[in-house]
Structure formats: structure tokens, C-alpha cells
Amino acid sequence: MKVRVEVTRRPEIADPQGTTIKRALHDLGHTHVNEVRVNSVFHLEIDGADPDGVRSKVEEMCRQLLANPVLEDFDIELLQ
Amino acid sequence: MTTAVVVFPGTNCEHDVVSAISSLGGNARLVWHRETDLDGYDSVILPGGFAHGDALRTGAIARFSPIMEPVARFARAGKPVVGICNGFQILCEAGLLPGALIANRDLSFICRYVDVEVTDTGTVLTNNAEPGQRLRIPLNSYEGNWVSPEGEGRVVVRYVDDPNGSTDRAAAVANSAGNVVGIMPHPERATDRLLGSTDGNVFLRSFLSSLVPA
Amino acid sequence: MTEQPVHRLLGMTDGEYASVVDILDRPPMPAELAMYSVMWSEHCSYKSSRKHLGRFPTEAPWVVVGPGENAGVVDLGDGWLAALRIESHNHPSFVEPYQGAATGVGGILRDVFTMGARPIALWDQIRFGPLDNPKNRYLLNGVVGGIAGYGNAVGVPTVGGEIEFDPGYTGNPLVNVMCLGILKREQLVLGTAGTPGTMAVLLGKATGRDGIGGASVLASASFDEESGAKRPSVQVGDPFEEKKLIEACLELYDKALVVGVQDLGAAGLSCATSEPAGRAGVGMEVDLDRVHTRESGMTAPELLMSESQERMMAFVAPDKVEEVLAIADKWEIDSAVVGEVKAGGTLRISHRGEVVAELPAATLADNAPLYDRPARRPAWLDEVQGRPGPDLSFHDPADLLRDLLDDPAIGSSAWIHEQYDHMLFLNTVVGPGSDGSLLRVKGTDKGLAVSTDGNGRLCYLEPRIGGARLVYEAALNVAVTGARPMAVVDNLNFGNPEKPEVMWQFKESVEGISQACEALEIPVVGGNVSFYNETDGVDINPTPVIGVLGLADPMPGDPPRLSRATEGMELWLVGPEASGNLSGTAVQRLLDDKPGGIPTAPDPATARHVIALAADLAHTAPVLHDISDGGLAVAAAEISIASGIGVSIEAPEAEIFSEDPHRFLVAIEAGASRPAAESARKVGVFGGDQIVLNGSALDVDIGASTYLDALPRRMR
């Protein structure tokens, strides 16, 4: 099963890299950009066909490694 | 004969470069990245640091700074343009040097002396060196691993060992004309016996001797 | 769940709340309560420690600014000053090691450049549980990564530090960072709000809900199983913003555009408004609507308590405000005029058109509670001090040496310090991996030496002896680079001060530190106290960390280095004969399950004499090395490994692993006249490819690979 995981910094946590990129976009004339957040996307291929089982495995991976629970949230999308 | 040492927000080696150049009798001045011309300068150094905090990719934002237009004109006109560390990364992002710099093989920042070997003396940074000359200068980078997927690039200085996985053990790379050079270790940090090495002077003397009046 | 009064949720006792009502003569409004709660927290007010900190000697003719400002400042002569400060970021580093350590670096830098100084170097003192526990490896990786990530990118070299491991730090790692800055006398700036009419300009990062309640909740309460619930307070460091802020502030100082500056750390705007006003004896009007924010809908208490990083408050004469804003703009940092200094002492804060706080500014600092907490010598100490020392009789000295070199606290720190830029600014004459760091002051003949030292086990066994010995050791480390000790900063990491045993350890350590400072005539110019370092009711070992600044004027032309020993050189030991007492030593740590005994007491007169000798010898000797962890054996081996040459040691058995204080090694050329010290005795000769301890040999190659791999092999 193919799985897409997006790890995002929680909205209340600062994202200095996003802020710097926003400023650079403004410098290039894209002044209509109000916010930039930099996230990570993971594409996983996992053995198993049971959606619930795969989801709960990936949740475990997110909590253990892929996301930093102190700063980040994660979103799991099962693709076929 | 004055060298422009370009300062981006986040640059941090600018004063070290100016003082090393001055200690060799050269003349260097700081130039802010918002400047739009390099009138009155004969050469350019992009010093090390973390321009724009290395946001997105090293050098990715700095290449759009206004100063980079005159720097590119300088490069095309055959005048000496040298990037050290972050400056090397910026020159690659700006397309003035081939390839790109990615994270070190071991995914760790490396700050230590490394031994390098000059393999090409036909550039503005190496013309005072002997072919094959070995020198000891400090490396100080996380993205010091040069890759050149198209196989382009003229490797002019190689690491003796392989500290970071750089293709062809490249420590410095030049354009085909030899007037634009990026070097990952810091020559300006090896210019005083008290600090451990004066080998960096070989590179900086080459650079100064390449200068011809504007 | 029972309904708690708000002040208790903010960490305030009922008695403290009553004092606030007393000061205001009415119940506080929410924003006022927030301000008092953060300013009166342990972290900001030092309410449990202040009474004892008065014991420190703080005066000397060369002290320009003593404790109480953002950093201590001393006079180096010829118009040059040095600013120094040390601070802990223990609790945040446990919650999120990378960001906790990173923001610790950011905070200490601001303390130093607030004074008008350019920060030129950092030192980190870090302590963890044993590395066989993966949690501790994770914490060490994160902390080193955070220090590297922030320090390298902000462009201030990390030139030294120290590391210690002990099971007590498993649930509570210690992360202390020290910073040194230099400035010309005319650039000195203080944290004062100036006179009425002065404008308050907030510079730097936009304010968000970072670390809300961090000062009171996070830094002043103990960890327990619930600590995960406190996680929303984590702050994220932005070294790029800080770099721009440093350059902008230094330009403001150069152009003499500010009256005073205060950084925003713990307690954020609450502190940055009330403290400068209190110091200047003035009041202030502040409009929170002008504060540039990252998040919308922030309440007044949130704005006042936010610990968003990389912010400074500049106090500026009205006719200079335009120029200040233009410089901020040039450096691409945000700025906002948020207030104006007023006559009288009232701090009046408005938000959305309403006054949300109106209080006597000085009371936030001056009226903070002061506790005289009970102190009692721990009942268990007799049993601990009565334990016999380690028995070396069945051990081969070379085997012991190899095991000591494999101790990750003794082995090479290269795995750590090669992740830090330690060379920027071209000042690092003697860098990491030596006793003390030596930095040149460009444009002068002066050198500045710094050593930081802590030793939790020594202080656990006898805190007064431990505290004093740290000062003597750091002072000797500075002396072997050729410098005379001139100032001390301290970071006092302790357990829960509400326990009388912890309070006793604290008092005794302070007494020991004070006595040693008096003996050496070096003032304490600043410090930090970190209490509540306990997990599930277990306190850490008492861990004061001492930083000593020394001045070498002139700096030795060719300073001693561990790598300068060559064939035929003689090795001499200077200092008192070893007592045979191995209490608190590395070899005891190696052989015995638990520390025990009473460590050898220091001797002030000997200390003064030996430190002066070392500072003199540093101008001629090729190698000087303090004897500390692992004794003569490890000290000689470190020289041997660094120089790539063997050494043969012949010395009384008691000398080999002794860590008795006030002792150092000096190498001299063969046939050169003996070191000019009565106590000097020859203990060895360099040559060959083995380290030989009274006939027991270890190959230099094996010693070197053990030493170099002690830390990396545990982190793989």
C-alpha cells in the first residue's frame, strides 16, 4: 500500500525558515504571499492491505520517528 | 586595487577575509548585498557564513540579491570572483560555477583542519601554488559535498582524504576560464602561525597577484 | 477536579498573591497577575537563592559592571572591556533537546550584546546520564546539534566546554552555556530606560505564544510523568534573526543611538519594560497594540509573558528614533515603537484601548519574595563520607589508564567540538580539547583565557570542598595558558530548594566558591541559579559550574600546547605531594559502584602560589597541563597522544591517579634548568612509543585510538 505522510510544524510554533522564504518572495515581487510554512512529505510503500492496520502502523512511525511530537503534527493519507 | 567582500544577511566570515587580505598587503572593503554596482572594485570575494540563514537551500535566496548581477558581469568579464564555503554554494546556485553542494556524507557539521592538494594551478586562486602542493587549512561546513551530475567542473584543489563525500574529492572548483573559483575550506583561517597554519596564504597571494586594475 | 485560583496555576503561592494585593491595594488585573507571576518566579527573582548569593565577593578595581545587569563587565586595560555571562537551559533541553540548547545559546548571546559587546566566543557545559541508555544518546545528539545549529549559524564560535556523565542526569540533563564579548569602553550600554521622553523601541522577531508561562511553569517546577503536558511552551530558535539583531544593535551602539538596551528573555516584555524602568527610577507607558506579532488574537497576558526569542528593547531619545528604525530596516529586522518613558514610577500598559496594567514598575523586581529556606546537612552524608576509597592494589596501572581513556568524559571531545565552528573571528589561539581556551584580542598584545569546570560527584561528597576546588581548578586551567585569573561567573545547578538537604548543599557550595574567590582575589561578576533539577523526587548531584576569565597581558608569543612535547623532553610535576586520597576521582568512578569518602581539601596559599607559577611558566614552557580527571596518568597520556610520542613516568604510586588540587605538569627541554619552583620534581621523560607508568606500559597508538573513540563508539 502507498502512503503519503505530511509532517507539519504546529501552527503556534514559529517557523523561521518559512519566514525567511516569505521575505525573499516579497523581495522578488510576490508581495501577496502572507505566509510560508515549510513541511516534510514522506512517501512510503508498505506491505499489507488492511487500511486500519497500515494506518495504525504509520501513526506509530510518526510518533516514534517521522514527526517530533513536541513541535509537529502529522497527516496520513492512504493512496490505493 | 580593491577587493569587494560581499555581505549578505547571515554572512559571518567577512571580517576574517578582510583582515587576512589586509595582512598580505591587499585592500578589501565590505559591500552590502543590496548594492547594485561594483564600480571601483577589481575583484570579488563571497565569504562564508549562512546567507539568509541557509533557508530553503544554501545560497538559494542569496543568488537573487541585487549585488549578484554585477558579480555575474564581473565573472563574464574574466575578473577574479572567489566564493569561500557559503560563497562557493552561492556561486553554484547562481550558475556561475557548475554543480551543487549538498549535505556532508555523514550528515554532520565538520570543523577541523584538512589536508588538500592543488591539482590545477591555472586559476585566480591557485596560480602561486606548485602543482601537487599539499596544504593544511580548516574546513567548516555542513553542505560541503560537491556534486556535479552533468560531470562538468574543473576541480582545482582536492582533499587528500575524503572528509565529506565530495565528488572527485573536490575542495575547490573553477569555471573553464579559471577566473571564478569556489573553495569549501577557508584559506583566510590559515593565515597566522599563532592559529595553527599559514597555508591559506598560498591561495590568497594567488588571488591578489591575479588582480589587474579595473 | 477542584477549581484552583488563577495565581496558583501561574505558580504563585497564596502569600505571594497577598503581597501583590498589598502593593496594588486592590486585586490584580489578569495582565498584572501574569507579570508578577513571571517576574516573581524562581527563575527570574532568585527568591530562594538571593539571600545566599550576597555571600559572593563581587568587588575589585577592574570590575566595571557586577552582578545584577545582563552580563558582568571587567576592564582589560587600554580602553578594552570584556563582558561575560553564563546561563542554564536545563529544563527546556530535556523537553526538546535541539531547540532547548539552541535557544539557550541565543539567550546568552543577547545577554552579552545587550551590554554593547560583540560576542566573540561560547563555551558549553553539558551533562547527561550514561550513554548506554538510548534516551541519553538522543539527548546528547540533540543538545550538541542545537548548540552547533544555532552557534554556527549565528556566527559566534564555540571554543570549549566540558561534559560529564552521571545516572542522576538521566531524567534531567544539564545544559549551561557561557559567552564572552569584548567592547571598547565607550560602547558600554546598560539596561536603563533613561529619562522621561525616551522612547521604547522593540526590535527583532515578531511576538508569538512561544514559551507562555515558560519562566514560571517550565523553569521553576519539577518534572514528573506529566511533563509532556507542558510541551506547548517550547520555543524555536532562529539564529539568522539573531545574527541580524546582533549586527543591527552593534551599529546602534557604534552610532551612539541608544540610551539603554534590555534583551527579552524569560518574562519577555514584562521584564524588558519593568526592569529598565525600575533601574532608572522612572515609569513607562506601553501600548501592546504596537507590538508586532506572529499570531493573531493574542491577549495582554500572553503578550506580556511571551518568551519569543531574538527580541531586544532599545531605549532611544525621540530625535534618534527615525535613525534607529532605518538601521533596523537595513538589517531586515522588524521594529516598533511600543512605549514612552514617563516621570514617576508607574508602568502603565494598554491593550485594545484599555489600561490592562498599572503598577509601580520597580515592584516587579524589588518587591520579589525573598525566602530563607531551611537548610540541613543530609543524614546520608556520614555513610557516604565513611565509605573506603578504591583499592588499586590488584590493578595494573596501564590497564586502569586505558579504561580511564575510554571514559567518554575523559576521552577526546572531538566528536562534539568538530561539530562546532570554533575558529571564526581568527582569535582561537588555544581551542577545544585543552585545559583552558586562549583567545587573542586583535589589535592588542592581550589574550583572554577561559576555563569552565564543574564536578557533580565532588560536590555531592563535600559541597564546600567541591565548590572551592572548581574555582581553583578553573583558575589553574586559565593560568597554564599564561593568563592571570580576573573574574568568575557561576551557574548553580541544584535540586529542589524546598528540601533542606538541597538548600544545605547550595549554601555550602556557595561558601566554598566564595572562600576560593576571596583567596584568589577574583570577584564573581555574574551568575545563574537553576533549581528544581529533579525527576520523580530524585535530585541531581549538586552541580555548580564555574567559569573563570583570565587576562594574559602580554599573551605568550608561543603559548604552551599539549602537542609540543618532543623526544628527550623531561616531564616535571609542580605542586603538593599526592595525599593518597582518591575520594571523588575518576579512578574511584571506574572501580567503585558509588562515590565515597571526603575529597582532598584545597589549600588557598598553595593555590595562589601554584597559579602564579603556572602563569609565569606559560611564557617559556612548550607544554603545561593541569592535573585533574584521571590524575598524572591521564594528564601525561594526553600530552603523549597529542604529541604522538611515548612517555616514561617514574613517580610514587600515590601520584599516578591522584586528583589532589593545585598540581600541574610542565615539559622542559632535556638539560634545560629545572622549573623555578621548589615543589617541582621530575616524573618522566618523553620518547619511544609507549606510555609507561612505573614499568607498566600502554602503546601510544592504543591509548590514542581508545581516547579518540571513547565518545564516538558510544554514539554509533
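# Chain C in questions and answers

User: Among the contacts in chain C with a separation of 6 or more, what share comes from residues 24 or more positions apart?
Analyst: In this predicted model, local features need pLDDT of at least 70 and side-chain atom pairs count only at pLDDT 80 or more, while totals for chains, interfaces and linings use all residues. Residues are numbered from 1 along each chain as its sequence is written, and chains are lettered from A and ligands numbered from 1 in the order in which they are written. Two residues are in contact if their C-beta atoms, placed from the backbone, lie within 7 Å. Among the contacts of chain C with a separation of 6 or more, the share from residues 24 or more positions apart is 85%.

User: What radius of gyration does chain C have?
Analyst: The C-alpha trace of chain C spans about 85 × 60 × 45 Å along its principal axes. The radius of gyration is taken over C-alpha atoms, and the globule rule is 2.2 Å times the number of residues to the power 0.38. For 716 residues a compact globule would come near 27 Å, which agrees with the value for chain C, 26 Å.

User: Which strands stand at the edges of the open sheet of six strands in chain C?
Analyst: Helices (H or I, at least four residues) and strands (E, at least two) are DSSP runs numbered from the N terminus, and two strands pair if DSSP finds at least two bridges between them. The six strands of chain C follow the order S1-S2-S3-S6-S4-S5 with mixed pairing. Two of them have a single partner strand each, so one side of each is left without a neighbour in the sheet: these are S1 (63-65) and S5 (158-165).

User: What angle does the direction of helix H8 of chain C make with that of S4(C)?
Analyst: Strand S4 (residues 118-128) of chain C pairs with strand S6 (residues 174-184) of chain C in the antiparallel sense over nine bridges. Helix H8 (residues 134-154) of chain C packs on this sheet, where it touches S4, S5 and S6 of chain C. Axes are lines fitted to C-alpha atoms, for helices over the stretch in contact, and angles run from 0 to 180 degrees between N-to-C directions. The direction of H8 makes with that of S4(C) an angle of about 180°.

User: Within what arc do the buried residues of H25(C) fall?
Analyst: A residue is buried if 20 or more other C-beta atoms lie within 10 Å of its own, exposed if 12 or fewer, and partly exposed in between, with C-beta atoms placed from the backbone. In helix H25 (residues 700-709) of chain C, the buried residues are C:Val700, C:Gly703, C:Thr706 and C:Tyr707, and they pack against partners including helix H23 (631-643) of chain C. The arc is that of the directions from the helix axis to the C-beta atoms. The buried residues line one face of H25(C), because they fall within an arc of 130°.

User: Is C:Arg352 buried or exposed?
Analyst: Most residues other than glycine have a negative phi. C:Arg352, which is not a glycine, has a positive phi of about 50°, and it is found in the loop between strand S12 (346-351) and strand S13 (354-360) of chain C. With 10 C-beta neighbours inside 10 Å, C:Arg352 counts as exposed.
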